[in-house]
Amino acid sequence: MSLKAFHIVFLVMSILLAFFSGIWLLRQYASSRHAQDLAAAVVFLLAGGAMICYGKSVLRKLKHISYL
Amino acid sequence: MEIPYSVKPRPDTGLYNAKVGIWLFLASEVMLFGALFCSYILLRVNAPDGMWPHHWLNIWLGMTNTIVLIFSSVTVVLSWASLKMGQFKRYKLYQGVTILCALTFLCIKSYEYHDKFIHYEVILTDGRIADGHIEKGQTTADTVALLGWWPKDEAALMDPPMGHPVEKIEIPRKQIKTMENYGPWHNTYTAIYFVLTGLHALHVLAGAIVIFAIWGPLAKVWEQDPERYINRVEVSGLFWHFVDLVWIFLFPVLYLL
């Protein structure tokens, strides 16, 4: 597995982490009503969205490099 | 005699030696961290009800470190891709950013550790508990000064309410029964926290040293044997991604759940 393939695996895991953390913090906010929970949730969800966009662009940019 | 497949990939596997080597090494690392994660799960599952700490770590610092490490993985891949396209200056720039990210991560982690080492739980002779950060300037031979709060019992200490009032506490040493900071010896949680994050931080440090060596002192290999140099960058990048992936699991386990 090349660095490209591992990077894609890593990105998928990071995106999952970002959305998991975002949703977890939103649920936390629902019970605590602390603004910092909401702010952290928004940061994570935005980061997850940004990583999806980055993933698409990196796949295009590295299409000539092997997965092996 | 030259060792075969040290640069060119072996035709049947499509891999050069170092890539096989790093994947075998990463497999052993998976077993190491896997065993520690299993230990964490067993310790947590077997903890008495209400006695596993929550909100002891600063989510914002953990989140910053997560973003720093994810960003460093991006710069590692971009630096490798730049070398593949023959853009050495761009590689130097991206990999320089990677090294800065590694140092940033370690600085934040050191700050978190320092915060735990100056954080004390004090049990008084009358049974009350004081919890907070020690004020070294105002702590004397007779009195301990804390910036903290008075949890009503151990259970309250395990899950401190967010935004609890913080006050300056002065305790005469004669009234102190026990006093201990939040180092690895404090309880099971801090023990597994320091083991997991400490081992991970050592990996970050090792990865940063390797990346720096390839980026700086060993950069002349690029002119002598570019393909070998690209392979070295790829192998160090694979290790770096593994280290980052471990953090992706550590962050939710230690900071959120």
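Modeller: In what follows, two residues are in contact when heavy atoms of theirs lie within 4.5 Å. The model is predicted.

Biologist: Which residues does Ser21(A) touch, not counting residues up to four places away in sequence?

Modeller: On that count, Ser21(A) touches Phe44(A), and from chain B it touches Phe251(B) and Leu256(B). Ser21(A) itself sits in helix H1 of chain A.

Biologist: Why is Ser21(A) called buried?

Modeller: The word is used under 20% relative accessible area. Ser21(A) has 0%, so it is under the cut-off and counts as buried.

Biologist: What makes Arg33(A) exposed?

Modeller: Exposed means over 50% relative accessible area. The value for Arg33(A) is 57%, so the residue is exposed. Arg33(A) belongs to the loop between helix H1 (3–32) and helix H2 (35–61) of chain A. Its phi is positive, about 60 degrees, although Arg33(A) is not a glycine.

Biologist: Which residue of chain B has a positive phi although it is not a glycine?

Modeller: Tyr5(B) has one, of about 65 degrees. The residue lies in the segment before H1 of chain B.

Biologist: How much area do chain B and chain A bury between them?

Modeller: About 3000 Å², with 82% of it on carbon and sulfur atoms. In chain B, Trp60(B), Met162(B) and Leu256(B) lose the most area to chain A, together 20% of what that side buries. Area is given here because the size of an interface is often stated as the accessible area lost when the parts come together. Counted in residues, the contact takes 35 from chain B and 28 from chain A.

Biologist: How many salt bridges does the rule find across the interface of chain B and chain A?

Modeller: The rule finds zero. To count, a side-chain nitrogen of Lys or Arg would have to lie within 4 Å of a carboxyl oxygen of Asp or Glu. As for polar contacts, the count between chain B and chain A is four residue pairs, both at pLDDT 80 or more.

Biologist: Which elements of chain B give two or more residues to the side that touches chain A?

Modeller: They are helix H1 (17–45), helix H2 (59–84) and helix H7 (226–256) of chain B. H2(B) gives the largest share, 14 residues. By kind, the residues of that side divide into 24 nonpolar, seven polar and four charged.

How values were computed
Residues numbered from 1 in each chain as written. Chains lettered and ligands numbered in written order. Predicted model: local features only at pLDDT ≥ 70, side-chain atom pairs only at ≥ 80, totals over all residues. Heavy atoms only, no water. Buried area = accessible area lost by both parts, 1.4 Å probe. Polar contact = N/O pair within 3.5 Å; in protein donor to acceptor, adjacent residues only side chain to side chain. Helix = DSSP H or I, 4+ residues; strand = E, 2+ residues; numbered from the N terminus. Nonpolar A, V, L, I, M, F, W, Y, C, P; charged D, E, K, R; others polar. Buried < 20%, exposed > 50% of the residue type's maximum accessible area, 1.4 Å probe, protein only.
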